[in-house]
Amino acid sequence: MEHLVSIRDITKDEIEKLINQALRIEKNPSEFVGRLKGKILATLFYEPSTRTRLSFESAMLRLGGNVLGFADAKISSVKKGESIADTIRMAASYSDIIVLRHFLEGSGRVATEFSDVPVISGGTGIQEHPSQALLDVYTIYKHFGRLSNLKVGLVGDLRYGRTIPSLLYTLAKFDNNVVYLFSPRELRVRMSVMNDIQNKLEVHIGEDLDKHIDKLDLIYVTRVQKERFPDEASYERVKDFYVIDKDTVSKAKDDFIILHPLPRVNEIAYEVDKTPYAKYFEQAKNGVWMRMALLLTLLEE
Ligand code: CP
């Protein structure tokens with residue numbers, strides 16, 4: 001693996017290796033201290049982030065490396081008109097690996113063309129968020145002990161949420177997974193993504209989560225991505241289409257779990273946080289172990 005800008009670029013075998021490495025790290029983090037001593041991670045974030053940027057930085061610091069970068073492109077020379085190509089060239093000459101979050105589709109791929117160090121997408125427009133998918137399946141694997149034969153409900157903004165294509169592509173690499181896509185009509189998974197998963201996943205499309213929740217192993221809930229909507233009125237129409245509360249999960253299986261890439265707005269009621277189903281904060285924490293595994297894989301192998 002040279003870069004990670006799409007989860008489609010890596011194999012099932014590579015995903016399993018990353019999961020096993022993350023499990024080893026989580027079990028004994030002290031064993032990995034200093035493994036990336038002298039290495040520098042650049043985090044270039046053109047869009048807001050809490051989890052992705054901080055967990056990548058935490059991962060690098062825990063491995064003994066250092067970090068530099070910007071959390072807001074407005075305080076970089078992007079403000080003066082510098083192109084992404086030139087910014088990437090500079091970051092590549094100051095660091096050993098780059099994490100890039102950018103609003104434009106294709107930006108991750110462009111970055112790899114101008115970088116002579118590995119590039120990881122930290123979220124590319126509405127296109128993909130591959131390291132998020134890795135920590136998502138890590139969390140699923142830790143709970144169920146498998147990534148196949150799962151019934152997964154994806155809920156909410158399936159059109160604009162970039163974690164959705166990455167998770168679908170990942171689930172499609174494993175056998176016999178069934179996905180239920182719950183969203184309002186205008187927020188359904190984009191046709192290009194549907195075409196990519198065709199024949200690789202059994203797919204059901206609908207709106208009524210309550211009717212199907214009893215047969216699901218997990219739901220993956222997403223925020224309605226206000227910032228991607230063409231106008232305020234369209235957002236207002238769908239913003240509270242799903243609000244998962246204790247009543248919603250009352251018919252769920254005993255080992256059912258709820259995931260969410262976060263940040264959460266209204267789509268999961270706070271009362272759910274205290275139930276055994278709520279795994280989203282553990283999921284976010286798992287991001288550190290998985291991103292440590294990813295940094296080690298890209299920089300040591
Ligand atoms: N899950 C995720 O990408 O969160 P941030 O936007 O806070 O990085």
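**Exercise 1. Determine which residues of helix 3 are exposed and which are buried, and where the buried ones lie around the axis.**

Solution. Start with the exposed side, where Ser93 and Tyr94 of helix 3 are found; exposed means over 50% relative accessible area, buried under 20% and partly exposed in between, with a 1.4 Å probe and protein chains only. Helices (H or I, at least four residues) and strands (E, at least two) are DSSP runs numbered from the N terminus. This is a predicted model, in which local features need pLDDT of at least 70 and side-chain atom pairs count only at pLDDT 80 or more, while totals for chains, interfaces and linings use all residues. Residues are numbered from 1 along each chain as its sequence is written, and side-chain values use heavy atoms, with hydrogens and water left out.

Next, take the buried residues of helix 3 (residues 84-94), which are Ile84, Ala85, Thr87, Ile88, Ala91 and Ala92. Viewed down the axis of helix 3, these buried residues fall within an arc of 160°, so they line one face of the helix; the arc is that of the directions from the helix axis to the C-beta atoms. An α-helix has 3.6 residues a turn, so residues three or four places apart point the same way.

Finally, look at the cover over the buried residues of helix 3, which includes strand 1 (40-45), strand 2 (66-70), strand 3 (97-102) and helix 4 (107-114); contact means heavy atoms within 4.5 Å.

**Exercise 2. Describe how helix 2 packs on helix 10.**

Solution. First, the geometry: helix 2 (residues 51-62) and helix 10 (residues 280-300) have axes 8 Å apart and pack at an angle of about 55°. Axes are lines fitted to C-alpha atoms, for helices over the stretch in contact, and angles run from 0 to 180 degrees between N-to-C directions. Helix 2 and helix 10 are therefore oblique to each other, given that angles under 35 degrees count as roughly parallel, over 145 as roughly antiparallel, 65 to 115 as roughly perpendicular and the rest as oblique.

Then comes the handedness: helix 2 passes helix 10 in a right-handed crossing, where right-handed means that the near helix is turned clockwise from the far one by less than a right angle, and left-handed anticlockwise.

Last, the residues: among those of helix 2 that take part are Phe56 and Met60, and helix 10 contributes residues including Trp289 and Leu295. The residues of this contact of helix 2 with helix 10 divide into ten nonpolar, four polar and three charged; Ala, Val, Leu, Ile, Met, Phe, Trp, Tyr, Cys and Pro count as nonpolar, Asp, Glu, Lys and Arg as charged, and the others, Gly among them, as polar.

**Exercise 3. Characterise the loop between strand 9 and helix 10 through Leu262, Pro263 and Asn266.**

Solution. Begin with Leu262, which lies in this loop and has a positive phi of about 65° although it is not a glycine. Leu262 is buried, its relative accessible area being 11%.

Move on to Pro263, also placed in the loop between strand 9 and helix 10, and joined to Leu262 by a cis peptide bond with omega of about 5°.

End with Asn266, located in the loop between strand 9 (257-259) and helix 10. Asn266 is partly exposed, with a relative accessible area of 42%, and touches Asp240 and Val243, not counting residues up to four places away in sequence.
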